[in-house]
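Please walk through the following model with its sequence and its coordinates side by side.

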Amino acid sequence: MFSAFMLHAWIVATLVAVAAGCVGFFVVARRAAFAAHALPLGAFPGAAAASLMGVNEFWGLAGFAVLGVLAIGQLQRAGRREVASALWLASALALGVLLLGLSGRYAQSVYGLLFGDLLGIDTRQMAVVAGFSGLTVALVAWVARPLLLDSLSSELASAAGARAAALEFVFLGILALSTAIAVPVVGALLVFSLMVGPASAARAFTDRPWRSLAVAVGICLATVWSAIALAYVTNWPVGFFVGALSALCYAAGRLRGGTVALAQVA
Amino acid sequence: MDSICTWGHMGGFWCNQPVRVALAVGGGAALVCAVVGLSTVMRRQAFAGHALADVSGAGGSASYLLGINPLFGFLGMAAAAAGVMEWAQVREARERDLLTGVVLGAGLGLAALLLYLDMTVRNVSGAAITVLFGSMFTIPPSIVPVALIVAAAALGASALIFRPLLVSTLSIDLARAQGARVRTIARIHAMALALAVSLAAMTVGAILSTALLIGPAAAALQVARRPASALALAVLIGLAATWGGIALAYQSYYWTPGRGWPVSFFIVMLIVCAYLLASAVARRRSGSSATAPLSGCQEH
């Protein structure tokens, strides 16, 4: 389980889990689950486009993630938020289907991009993931205070001089960044399980926002490590265990009487 | 019917068996999605609709494993997910958002497992593409009657609850005062949503069905001033995009020889264009006159 070819999987998963935990805390606080789902999944045609053009997958993914941030931001202005996410997601995926169809690489690569492939990670990919994870965590630390204030009360935040539109943009940007890195690892569909389940469970364990963030990261790490171990033993896909474990986390949080809204706490 | 087979080079289009099946099933799906999508968008349940569609993909994957009709797989899983979300009903909007997300994550995880088992146990390799992105021209003709019955059931349920659902969407208190059973209506709507979503998942695929569900309805709500005209417009956009998409995909075999472009791509792109057009119209109109009354309940 800890042999050389699994080592990369463990390291990358750990990095992704830390970033996902930090971002997930804000996803839960800002009620942005749909955006957290739409951005990573909407980045997936980026990988197809990159393979058509023969560049590294990461740049395609990052490019489409940025495109997603701009599109959702623009569509949000015209209508409501969830419609914006839904329409961006649908058009990105439709484009992805077309690109994959034209490039002729189909079934297996789609499955890998959507549901993840922890075993095929090389050293260069690991370096890119480490860089992006570090950047995500640094950005979160940089905007954490105004972002939290804005999530709890946008009136209070604007009174304190924060610009809501700019903060939303930065938040979506961080979301996109953290998802682009995670796509080849846990897959587009399940990056967001890591963001939503652990962070919502964390609310049940503490009332304090920053402690809650730390707990979220902890649960993320526990989830991803157990998922890899279980996947190694059973030979089933990692994504299944990530999804199931984070649903269990959420259920455990609910049972612990954890519907304590952050808003009442701060 | 066969006389149109001789109409120019589009003649073959109408006489092609897979095309006829696609037109029938796609049309049914578009009709139902437009009707159910309208209340879904107005009730701010776009995320729930999307989640049901994605989760129904797990059912589609299971159908390969069990060797049953894929429509029943999609339906069973969508109904189960709708049941879970209704059962664990939560009042607070934030909590509903999270619950939807968690159900979606777990459902997708299950889909990953089932697709993996499809590949390893049954040696079905194209299942991931078919289930997630649909393949309209490979729908077996035997599905048509079942699909049309499902469509009729969803339409019937929507018609039954149309007025009380509209009232309870605008104001729950008003609906209660009128004696409507708000909880029951919400449950019936969730089931109609599950039916619509599984039909759409059959046609454009599980993760693209959101476009069929949300797009036409959201576009219609941008410009329509009355519920009836919104309904008519949504149905029109949905049908036009679906049938237009099928026709374009059929044509695309001539563009890139030997390889057609996916139907789902054309349908989604037509829907997105309709939405952008509708927002442009709405923006021009809001400059000159009062905004559509229906858009008032879009933004709170």
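Buried residues make up 52% of the 300 residues in chain B, where a residue is called buried if 20 or more other C-beta atoms lie within 10 Å of its own, exposed if 12 or fewer do, and partly exposed in between, with C-beta atoms placed from the backbone. This is a predicted model, in which local features need pLDDT of at least 70 and side-chain atom pairs count only at pLDDT 80 or more, while totals for chains, interfaces and linings use all residues. Residues are numbered from 1 along each chain as its sequence is written, and chains are lettered from A and ligands numbered from 1 in the order in which they are written.

Chain B contains twelve helices and zero strands, where helices (H or I, at least four residues) and strands (E, at least two) are DSSP runs numbered from the N terminus. Its pattern along the sequence is accordingly written α-α-α-α-α-α-α-α-α-α-α-α. Of the contacts in chain B between residues at least 6 apart in sequence, 75% join residues at least 24 apart; two residues are in contact if their C-beta atoms, placed from the backbone, lie within 7 Å.

Consider next α2(B), a helix of 26 residues that reaches 38 Å from its first C-alpha to its last, close to the 38 Å expected at 1.5 Å a residue, the expected span being 1.5 Å times one less than the number of residues. R44(B) sits in the loop between α2 (17-42) and α3 (46-66) of chain B, and it is partly exposed because 19 other C-beta atoms lie within 10 Å.

What can be said of the packing between α4 (residues 70-87) and α9 (residues 182-204) of chain B? Their axes come within 8 Å and cross at roughly 150°, with axes taken as lines fitted to C-alpha atoms, for helices over the stretch in contact, and angles running from 0 to 180 degrees between N-to-C directions. By class, the residues of the contact divide into 15 nonpolar, one polar and two charged; Ala, Val, Leu, Ile, Met, Phe, Trp, Tyr, Cys and Pro count as nonpolar, Asp, Glu, Lys and Arg as charged, and the others, Gly among them, as polar.

Another helix of chain B, α11 (residues 227-252), has 26 residues and reaches 37 Å from its first C-alpha to its last, close to the 38 Å expected. Its buried residues include A230(B), G238(B), T242(B), G245(B) and Y250(B).

The contact between the chains takes 47 residues from chain B and 44 residues from chain A. On the side of chain B, α3, α5 (93-121), α6 (127-133), α10 (209-223) and α12 (263-288) each supply at least two residues, and the largest share, 18 residues, comes from α5(B). That side of chain B has 29 nonpolar, 13 polar and five charged residues.

Turning to chain A, there are 13 helices and zero strands, and 55% of its 266 residues count as buried. Among contacts in chain A between residues at least 6 apart in sequence, 77% join residues at least 24 apart. Within helix α1 (residues 4-29) of chain A lies A9(A), which counts as buried because it has 22 C-beta neighbours inside 10 Å. Leaving aside neighbours within four places in sequence, A9(A) is in contact with L118(A), L119(A), I121(A) and I228(A).

Finally, N235(A) is found in the loop between α11 (209-234) and α12 (238-255) of chain A. N235(A) has a positive phi of about 70° although it is not a glycine, and it counts as exposed because it has 9 C-beta neighbours inside 10 Å.
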